[in-house]
Amino acid sequence: MSRIDENREFIPVRIAVLTVSDSRSLDEDRSGQVLVERIAAAGHELADRDILPDERALIADRLRRWIADPAVDVVISTGGTGLTGRDVTVEAHRDVYEKEIDAFGTVFTIVSMQKIGTSAVQSRATGGVAGGTYLFALPGSPGACKDAWDEILGRQLDFRHRPCNFVEILPRLDEHLRRK
């Protein structure tokens, strides 16, 4: 089963947080704040933070800029993953993915089922990789952000997590771009 290997050294990663909302400001952003607090408590670095309206092109552009920034290893967005017409975060993420991490959404649904039952089917949480950067889109509720971090991302972004984790393969995510 999964465990933390205390014989391995913790490796902090640089994480950018994007909140997608038509109605919130950074001061009112409880979900983004949950992520910021968990990132710091885990020993990672907050690389950047932003808030944008539910506009697909704006979201995709922001993701592309962070993907191109060597100071960002991971992007976590919150909000815009639902089913309404304005929920376009998932589409914006998929506009930039090179590879989708299909199991991320599945595991998030399993975690959510334990907390909110069948209401979990309304989330379209997703994860992917582009330009050597991990990208994750979470629902906009503080509870969903807590669940995603505590049950999935906090573990997978810890180099000490065994049997495997996202951090140990981070240097190889863009190896196809380095080949001649």
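In the predicted model, helix α1 (residues 30-42) packs against helix α5 (residues 142-156) at an angle of about 25°, the two axes lying 8 Å apart. Because angles under 35 degrees count as roughly parallel, α1 and α5 are roughly parallel to each other. Their crossing is right-handed. Helix α1 contributes Arg30, Ser31, Val34, Leu35, Arg38, Ile39 and Ala42 to the contact, and α5 contributes Pro142, Cys145, Lys146, Trp149 and Asp150. By residue type, this contact of α1 with α5 comprises 7 nonpolar, 1 polar and 4 charged residues.

Across the whole structure, 19 salt bridges were found. One of these joins Glu6 and Arg160, with 3.7 Å between the closest N and O atoms. These partners are 154 residues apart in the chain: Glu6 lies in the loop between β1 (3-4) and β2 (14-20), and Arg160 in the loop between α5 and β8 (161-162). Glu6 is exposed, at 61% relative accessibility.

A salt bridge also connects the side chains of Asp22 and Arg86, with an N to O distance of 3.0 Å. Asp22 is located in the loop between β2 and α1, whereas Arg86, 64 residues apart from it, belongs to the loop between β4 (74-78) and α3 (89-96). Asp22 is partly exposed, with a relative accessible area of 46%, and Arg86 is likewise partly exposed at 38%.

Helices α2 (residues 56-68) and α3 are linked through Arg56 and Asp95, respectively, which are 39 residues apart; their side chains form a salt bridge of 2.8 Å, N to O. Arg56 is partly exposed at 38%, as is Asp95 at 35%.

Note on methods. Residues numbered from 1 in each chain as written. Predicted model: local features only at pLDDT ≥ 70, side-chain atom pairs only at ≥ 80, totals over all residues. Heavy atoms only, no water. Axes fitted to C-alpha atoms, helices over the stretch in contact; angles between N-to-C directions. Helix = DSSP H or I, 4+ residues; strand = E, 2+ residues; numbered from the N terminus. Parallel < 35°, antiparallel > 145°, perpendicular 65-115°, else oblique. Left-handed = near helix turned anticlockwise from the far one by under 90°. Contact = heavy atoms within 4.5 Å. Nonpolar A, V, L, I, M, F, W, Y, C, P; charged D, E, K, R; others polar. Salt bridge = Lys/Arg side-chain N within 4 Å of Asp/Glu carboxyl O. Buried < 20%, exposed > 50% of the residue type's maximum accessible area, 1.4 Å probe, protein only.
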